[in-house]
Amino acid sequence: MLEFLDVVTLDDNNDYIVLKVINMNNVNYVSLVNKDNYYDFKLLEEVNKSNELVLREVVDDTILEKIKLQTMKDMRKLLNKIV
Amino acid sequence: MKNKNFSPREYVVKNIKHCKWGILSKVYYNFMKLAAISMSGVLSYSLHIAKMPEFTAFSSVSTMLFMGLYSQLAMMKNVDELRYKRLEVQFVKNELRNHDDIRDYINEFALRCQTKEKFKTVCGVFDMILAFGLYMYSFVFGTSLSENTINMQIVASILGGFLTVRFIDNFEKAICYGSLNDDLKLDLDIDEAIQKRIRGK
């Protein structure tokens, strides 16, 4: 399972930093940002395929909106805490 | 709505590294901090009680060395923290689609950074003055005082060491917040320029 600030290398050989892992309906949704290009941002879900960790693109709009809302709430709390 | 037949891309995770400060780095950082503080006390002890010039020279070099190493580590730690704060800002920016929301969010963040920068600078100056005063009391004024006063001088030099590491940390934090603030202001300027260009077209 991935955690905040883990660096992962995906099959495109780029390194990404885990920004947030949200668990919804027993599925982990992971947001990643490219280490070298902050504009390269991915929202993926964790899938285990024959004991191998696979990240799959989230295409369901409802899930995307739910995660976005959840993230916004969490980020507001974080913003007040860190700065 | 997206085409439901669209098959989502799958990425295989090749390796996982951790970019948080590990336990060893934290132990090293705190050890340097403690070493720098306690060496100030040793320096005072060597000057007032041991009265051995070689020991005094050794402890003063060690104090400077530990302070220098601590300063390097504190800079690394603060730069790391700054980097992740920058990432978090980028993350929220990606999540917010509305232009005004992004501007409000960045403005709020930049303002907090500016306040924090000023606060840390003031704390740093205050710590520096106090540390200087304590060192002056411990190392400069009178070496032939009563035993009770000598003990006070050792305590003063340890306290001076503690305040020195605090002022190093505060100044470095102030630099980091200042840099993040400048970065965010630049973001806003670029954003404004892009918006003007879009509106112009």
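View 1. A:Val8 has A:Tyr16, in strand 2 of chain A, as its bridge partner. This is a predicted model, so local features are given only at pLDDT of at least 70 and side-chain atom pairs only at pLDDT 80 or more, while totals for chains, interfaces and linings use all residues. Residue numbers start from 1 along each chain as its sequence is written, and chains are lettered from A and ligands numbered from 1 in the order in which they are written. Strand 1 (residues 6-9) and strand 2 (residues 15-24) of chain A run antiparallel, with three bridges. Strands here are DSSP runs of E, at least two residues long, and helices are runs of H or I of at least four, both numbered from the N terminus. Two strands count as paired if DSSP finds at least two bridges between them. Five residues sit between the strands of this hairpin, and A:Asn13 takes a positive phi near 65°.

View 2. Strands 2 and 3 of chain A are antiparallel and joined by eight bridges. This time the hairpin has two residues between its strands, and A:Asn25 in the turn shows a positive phi of about 50°. A:Met24 has A:Val27 of strand 3 as its bridge partner.

**View 3. Zooming in on A:Val27.** Is A:Val27 buried or partly exposed? A:Val27 counts as partly exposed because 13 C-beta neighbours fall inside 10 Å. (With C-beta atoms placed from the backbone, 20 or more others within 10 Å make a residue buried, 12 or fewer make it exposed, and anything in between is partly exposed.) A:Val27 belongs to strand 3 (residues 27-34) of chain A. A:Glu46 is 19 residues away in sequence, yet the C-alpha atoms of A:Val27 and A:Glu46 are 6.9 Å apart.

View 4. Seven strands make an open, antiparallel sheet in the order 1(B)-5(A)-4(A)-3(A)-2(A)-1(A)-2(B). The edges go to strand 1 (10-12) and strand 2 (15-18) of chain B; each has a single partner strand, so one side of each lacks a neighbour in the sheet. From one strand to the next, the twist averages 40°, taken between axes fitted as lines to C-alpha atoms, with angles from 0 to 180 degrees between N-to-C directions.

**View 5. Chain B on its own.** Chain B reads β-β-α-α-α-α along the sequence. Of its 201 residues, 29% count as buried.
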